[in-house]
Amino acid sequence: MLELVTSSPYVPPSPFSGRPLPAAGSALPGLLSLATAVPEHVLAQPDVAATMHRFFSEIFSKSETMAGIFANTGIRTRHAARPLSWYLEPRGWPERTAVYMEAGGDLFVEVAGKALAAAGCAASDVDTVVFVSTSGIATPSLDAVVHGRMGFRADIERVPVFGLGCAGGVTGLAIASRLAQARPGSTVLMVTVELSSLAFRLDRPDKAHLISTALFGDGAAACVLRTGEQGLAYIEGAGEHLWPDSLGIMGWSMDPVGFGVILEPNVPSFAATHLQPAVTGILGRMGLAPADIGRFVCHPGGTKVVAAIERAFSLDQGSLDHERGVLADFGNMSAPTVLFILDRVIAQGLPDRATLVTMGPGFTASCVSLAQAA
């Protein structure tokens, strides 16, 4: 049986590995369904830009680069847990957490219900739920908070995961796939909910915070997995790469008001230089090479990051069309974003092999490779 991750040393792959596609009925985890959801409040980028310029006029007036950040994101609309006016009042942990619990719980129920229905499952069929989120803190976690609303069994196994940021959708899918493979026949539900808008701070007029305000939106995604059933695709492998001494590139700081954004401005150049070798190494440990992959499905970050990824993988500029489309329609939703993109790629038609690629706090690259049956 194929292992999702091996501990063998990395051997540089040949330009084309020739690894065969899995056979039908393979003992690999199958992705049975994928669903997405967003909160009801829509934020038009020009409205957000005008509001931020009014509230933080001094910083925008002093920097020509900052003055154009909202227009240069490529984003038209985003969704948020609350209307724009809610964010323009001072908020602390209690208010932010209350919205995270309420709006996040609603999104969990909606997107999980859609994924289960698409897989032909009921909530009572779920043996394990993996819940991924980095934009709020709740104990018990949201998967327990919505347990009764969902109709989960009392013996369901819960795996809440915090701290993965933008890499959470892919790493969560990898965790869920390993759990499904470990117990053939079991049904695993992976849900990721991110309400990044709750990190907006009136008291933080710094560049990192304002850049994040220009980029981030709220959303959720869910998948159902079971070993031995292809569904949309088999999950052929997964892996990660953590760069040493890179903790300061992306993350949260925490203080009495809430989360504070840590975001280095050099993420695009970092991706252009370092991402391709890391992904090649991850694929090599699966017995694959970049030439085997028909479509890289990448977390967009922002338009500059998308362009940097295209350069890194020697793709024609504009190749990552669905990445730009999701960014324009929803912004950067952190963990769920790459699954929104995968949803569009599936609708268009998955190639024989596709690999999900994200980067997140750590600083880490995370990959999951999907394959069709031969």
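How many disulfides does the count come to? In this predicted model, the count comes to zero disulfides. The sulfur of Cys166 lies 13 Å from the closest cysteine sulfur, that of Cys298, and this is too far for a bond, given that a disulfide requires a pair of cysteine sulfur atoms within 2.5 Å. For Cys223, the closest cysteine sulfur belongs to Cys121, and here too the separation of 13 Å is too far for a bond. With a relative accessible area of 5%, Cys166 is buried, and Cys223, at 0% relative accessibility, likewise counts as buried.

Helix α1, which comprises residues 45–55, has buried residues at Gln45, Val48, Ala49, Thr51 and Met52. These residues cover an arc of only 165 degrees around the axis and therefore lie on the same side of α1. On the other side of the helix, Pro46 and Arg54 are exposed. The partners against which the buried residues of α1 pack are β2 (41–44), α2 (57–62), β3 (77–80) and α8.

Helix α8 also holds Leu215, a residue that is buried, with a relative accessible area of 13%. Although Leu215 and Asn332 are 117 residues apart in sequence, their C-alpha atoms are 5.6 Å apart in space. Once neighbours within four places in sequence are left aside, the contacts of Leu215 comprise Thr73, Ile75, Arg78, Gly301, Gly302, Gly331 and Asn332.

Ser196 is located in the loop that runs between β6 (188–195) and α8 (207–215). At 11% relative accessibility, which is under the 20% limit, Ser196 counts as buried. Apart from neighbours within four places in sequence, Ser196 is in contact with Ser135, Phe216, Gly217, Asp218, Met333 and Ser334.

Among the contributors, β9 gives the most to the lining of the second largest pocket, with four residues. When the residues lining this pocket are sorted by class, 19 are nonpolar, 13 are polar and two are charged.

About 60 Å³ of space lies in the largest cavity, and its lining consists of Trp93, Arg96, Thr97, Tyr100, Ser135, Gly136, Ile137, Leu198 and Phe259. Helix α4, which covers residues 93–118, gives the most to this lining, with four residues. By class, the lining of the largest cavity has five nonpolar residues, three polar residues and one charged residue. Ser135, one of the residues that line this cavity, is also among the contacts of Ser196.

Several features of the backbone were also found in loops. A cis peptide bond, with omega of about 5 degrees, joins Thr139 and Pro140, and Pro140 is placed in the loop between β4 (128–132) and α5 (142–145). The peptide bond that leads from Gly362 to Phe363 is cis as well, with omega near 0 degrees, and Phe363 is situated in the loop between β12 (353–360) and β13 (364–371).

Positive phi values occur at two residues described here. Asp245, although it is not a glycine, has a positive phi of about 55 degrees; it belongs to the loop between β8 (233–242) and β9, and with a relative accessible area of 83% it is exposed. Ser314, also a residue other than glycine, has a positive phi near 55 degrees. Its place is in the loop between α10 (303–312) and α11 (321–330), where, at 67% relative accessibility, Ser314 counts as exposed.

Methods
Residues numbered from 1 in each chain as written. Predicted model: local features only at pLDDT ≥ 70, side-chain atom pairs only at ≥ 80, totals over all residues. Heavy atoms only, no water. Buried < 20%, exposed > 50% of the residue type's maximum accessible area, 1.4 Å probe, protein only. Contact = heavy atoms within 4.5 Å. Arc of directions from axis to C-beta. Nonpolar A, V, L, I, M, F, W, Y, C, P; charged D, E, K, R; others polar. 1 Å grid on protein atoms, 1.4 Å probe; cavity = no way out; pocket = protein on both sides within 12 Å on 5 of 7 lines; lining within 4 Å. Points joined across faces, edges and corners; volume = space filled by probe spheres on them.
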